[in-house]
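Work through the exercises below with the sequence and the model at hand. Each task is followed by a solution that goes step by step.

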Amino acid sequence: MKIAISGKGGVGKTTLAGVMARTLSDQNETVLAIDADPDSNLASAVGVPLEKLNGITPLAEMTKFIEERTETRKGGYGSIFKLNPKVDDIPEKFSIDHEGVKLLILGSVPQGGGGCFCPENVLLKNLLSHLFIQRNETVIVDMEAGLEHLGRGSTGYVDAFIVVVEPGMRSIQTARQIRKLASDLGIKRVFVVGNKVQSKEDEGVIHENLKDFPILGLMRYNSKILEADRKGVSPYDIDEQVKKEVSAILENMKKAFAA
Ligand SMILES: Nc1ncnc2c1ncn2[C@@H]1O[C@H](COP(=O)(O)OP(=O)(O)OP(=O)(O)O)[C@@H](O)[C@H]1O
Ligand SMILES: [Mg+2]
């Protein structure tokens with residue numbers, strides 16, 4: 001499964017991505033977690049200790065490596081570079097291993113239409129399509145909020161989007177826009193996960209307004225998740241409830257894929 005997690009800002013994308021990655025790894029699946037948000041923070045949701053992150057440069061900032069791989073040559077009319085750089089060794093070379101999760105920090109995401117035509121964009125695009133099409137492990141991509149980053153060059157080859165929503169019309173509206181984009185990309189599976197649910201009324205808001213979406217499950221509003229964030233650890237390591245909720249969400253997703 002190759003899954004991109006998206007949704008409005010602050011709804012809990014990174015939290016879900018981190019806990020999902022840890023859960024799958026504990027189920028003995030090989031998991032590659034990709035941080036595609038320039039404001040990278042998936043590492044802490046996966047539980048990678050800060051010391052382990054020191055000295056890690058996001059891939060998009062590895063200028064020298066990118067130039068080497070794309071064989072960039074600067075000339076009088078701009079630069080010339082290769083459009084199909086070698087990418088298949090990148091996960092092994094640059095990912096951080098934590099509790100069986102391989103984490104790759106991109107630091108940027110190649111954008112559709114408006115994105116720059118430059119070596120790092122070309123490298124990232126090639127890398128993502130390689131990861132989505134040619135590799136066997138489960139890939140979970142934590143996306144930046146907003147819609148601009150969902151496009152052919154970034155998420156064009158995923159099997160599904162999971163849109164995280166909270167009980168409120170704004171994030172629900174975003175879910176609809178994401179489904180529209182997904183359909184333009186030819187991606188048929190767009191799942192919803194509700195987060196920060198505090199009451200029956202909250203549940204109702206999500207179910208009533210997203211009747212036409214497959215809802216994989218809900219995560220309760222949970223002070224342990226906030227505590228994990230304060231401490232810079234994964235909710236997976238300090239809270240049983242979110243583990244149960246995310247396991248159920250994964251079960252439902254597997255069922256949906258099998259159907
Ligand atoms: N179920 C929950 N209960 C309480 N707090 C939560 C819950 N889920 C997430 N949070 C908190 O909400 C904040 C945003 O969560 P998170 O970073 O996962 O969202 P995001 O969608 O990835 O945000 P961004 O759009 O900035 O990338 C964090 O402080 C997180 O700890
Ligand atoms: Mg995030």
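**Exercise 1: the shell around the ligand**

Task: sort the residues of the shell around ligand 1 by class.

Solution. The shell around ligand 1 has six nonpolar, seven polar and four charged residues, where Ala, Val, Leu, Ile, Met, Phe, Trp, Tyr, Cys and Pro count as nonpolar, Asp, Glu, Lys and Arg as charged, and the others, Gly among them, as polar. There are 17 residues around ligand 1, and Lys 13, Thr 14, Thr 15, Ala 145 and Asp 229 come nearest; a residue is near a molecule if its C-beta atom, placed from the backbone, lies within 6 Å of it. At least two residues of the shell come from each of α1 (13-26), β9 (189-197) and α10 (223-231), with helices (H or I, at least four residues) and strands (E, at least two) taken as DSSP runs numbered from the N terminus.

The model is predicted: local features need pLDDT of at least 70 and side-chain atom pairs count only at pLDDT 80 or more, while totals for chains, interfaces and linings use all residues. Residues are numbered from 1 along each chain as its sequence is written, and chains are lettered from A and ligands numbered from 1 in the order in which they are written.

**Exercise 2: two helices**

Task: find at what angle the axes of α4 and α6 cross, and which residues meet.

Solution. The axes of α4 (residues 63-70) and α6 (residues 119-134) come within 9 Å and cross at roughly 75°; axes are lines fitted to C-alpha atoms, for helices over the stretch in contact, and angles run from 0 to 180 degrees between N-to-C directions. This makes α4 roughly perpendicular to α6, a term for angles of 65 to 115 degrees. In the next step, Ile 66, Glu 67, Arg 69 and Thr 70 of α4 are found to meet Pro 119, Glu 120, Val 122 and Leu 123 of α6, contact being C-beta atoms, placed from the backbone, within 7 Å. By class, the residues of this contact divide into four nonpolar, one polar and three charged.

Methods. Angles under 35 degrees count as roughly parallel, over 145 as roughly antiparallel, 65 to 115 as roughly perpendicular and the rest as oblique.
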